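Please find below a short note on the model under review. It is arranged as numbered points for reading beside the coordinates.

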Amino acid sequence: MRRSYLGKLALHWCDHCHVPVLGSRCACGAETRPVPITPPGDIRPAFDADIRHINAIWGEYFGSGLIPDGHLVLLNKIPDADRMEEIILGGSVVSAIRYIADEERWEPIPRRAAAAFMQPSKQRVIVDRGAVESIRQGSSVLAPGLVGMDDGIGEGDEVFIFDEDGQCVGVGRAKAGTEDARTMQRGMIVRTRKNVPSLCIPGRASWDDAVEANRTILDRVEAEAVRFVCDVAAKNPLPANVSYSGGKDSLATLLIVRKAIGDIPLLFADTGLEFAETYRNIEEVASAYGLEVIRTGSADAFWEAFAREGPPAVDKRWCCKACKLLPVRDLITEQWGECLSFIGQRKYESFARKNSPRVWRNGVVGCQLSAAPIQHWTALHVWLYLFREHAPYNALYEQRIDRIGCYLCPSSDMAVFATIREEFPDLWADWQARLVWWQTAHDLPGEWIEKGLWRRIGESADEDSSYS
Ligand SMILES: [Zn+2]
């Protein structure tokens, strides 16, 4: 993968406090070290459900979970055909997990540092002393250097490589299965994975510790965002609101805006396709801060268009315009004529957002001047800030839904749909019935639903990643 960085990567680690720090100095006074991660680097905390999920994937594959109790874990979503996330533990990437959509399964892709946290009881390859040094340097495991191999390893499986004393010397992908490898005289057994070397120092900490470690950094980014809001509001004396979606970014934006210019209404574009947790969050936030909620839209708009157009696709996404932009435009025109909306957009969300302006007007909704106070924040800035402010964030985040929006959004990856199928079976069943109706009416093949082809009209596969 060849991608330019968005600038300096934000993630550092304090080995004194065992916490992530979003700058070069921890509040404890210690210098931090940068953690090399794959860009764009929109790191976020792993919640308990994420940790259980990762440990289940690891347990099934390697016979042992990855993450011990009491350690802070970060996730970094990286470009892939469907979904792949780096797992950061002890200030180092210790693994990735990848969703293989065709096989409906997750694959763990370890790094050597993972062995600092767990001992695999499956998928082990043992090499002789003479081979250890070159394997540590990244050479492949060749047949003459092989001492032993666990039963049942298949070609293409991920493995841990150990020396005869039980020290982990590398990780990689098996090029020969156990059966074949045991009779091979020469040839490659494991292709060793080479990674950017990085320190990994395990240690226990809490998210309160992380908030404390980032105290001065959070104060600084908060002050900058508050100044930005005051500035934009002063230059544009329009009726102001916060565009609130029920997601973490709009919640952080709301907190900033309240500090800057006081209480203003929440503008909620209700597509009728939100999770129940999102509707509850909007009630909870409005009541916690005593704010008015101005709603637009109705579920009918979506289903009427669905009957004509079929499901929205990534490259034919009529839904945003029909269910969000146009109702918002009509409401603003009717209510204020023109308004200033603060929006939780951030550049780290995707490469596409990298160069977005901080103040802009959408072509469809010209009557809405939009401004993004937290444009330069990573998801970790947002979360640490919400933790510090004890803000009532959406419960979906604790159910492995990391982007809040319509449950059937075609831009979601298949891994998210798998989560929705498992965790929200009623919503999923309803949507499947709608898809079957369209499939039958238009004589489409079964895989149009099963493989998620409805999400795409004509585009090809996404970019490749470095984890082949
Ligand atoms: Zn520290």
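1. Basis. The model is predicted; local features need pLDDT of at least 70, side-chain atom pairs count only at pLDDT 80 or more, and totals for chains, interfaces and linings use all residues. Residues are numbered from 1 along each chain as its sequence is written.

2. Overall fold. The protein chain holds 13 helices and 20 strands; these are DSSP runs numbered from the N terminus, with helices being H or I of at least four residues and strands E of at least two. Its radius of gyration is 24 Å, close to the 23 Å that the globule rule gives for 468 residues, so the chain is as compact as a globular protein of that length. The radius is taken over C-alpha atoms, and the rule is 2.2 Å times the number of residues to the power 0.38. The C-alpha trace spans about 80 × 65 × 35 Å along its principal axes.

3. The five-stranded sheet. Strands in the order β4-β5-β6-β7-β8 form an open sheet with antiparallel pairing, where two strands pair if DSSP finds at least two bridges between them. At the edges are β4 (44-45) and β8 (105-110), each pairing on one side only. Strands β5 (residues 73-78) and β6 (residues 83-89) are joined by six bridges, and L75 has I87 in β6 as its bridge partner. Helix α1 (residues 48-62) lies across β5, β6, β7 (92-100) and β8, at about 80° to β8. Axes are lines fitted to C-alpha atoms, for helices over the stretch in contact, and angles run from 0 to 180 degrees between N-to-C directions.

4. The six-stranded sheet. A second open sheet has the order β10-β14-β13-β12-β9-β11, and its pairing is mixed. The edge strands are β10 (141-142) and β11 (146-149). Antiparallel strands β12 (residues 158-162) and β13 (residues 168-174) share five bridges, and F160 stands opposite V171 in β13.

5. The helix pair. The axes of α6 (residues 248-261) and α10 (residues 379-388) come within 10 Å and cross at roughly 60°. That makes α6 oblique to α10; angles under 35 degrees count as roughly parallel, over 145 as roughly antiparallel, 65 to 115 as roughly perpendicular and the rest as oblique. K248, D249, L251 and A252 in α6 meet V382, W383, Y385 and L386 in α10, contact requiring C-beta atoms, placed from the backbone, to lie within 7 Å. Of these contact residues, six are nonpolar, none polar and two charged. Ala, Val, Leu, Ile, Met, Phe, Trp, Tyr, Cys and Pro count as nonpolar, Asp, Glu, Lys and Arg as charged, and the others, Gly among them, as polar.

Definitions and conventions:
Two residues are in contact if their C-beta atoms, placed from the backbone, lie within 7 Å.
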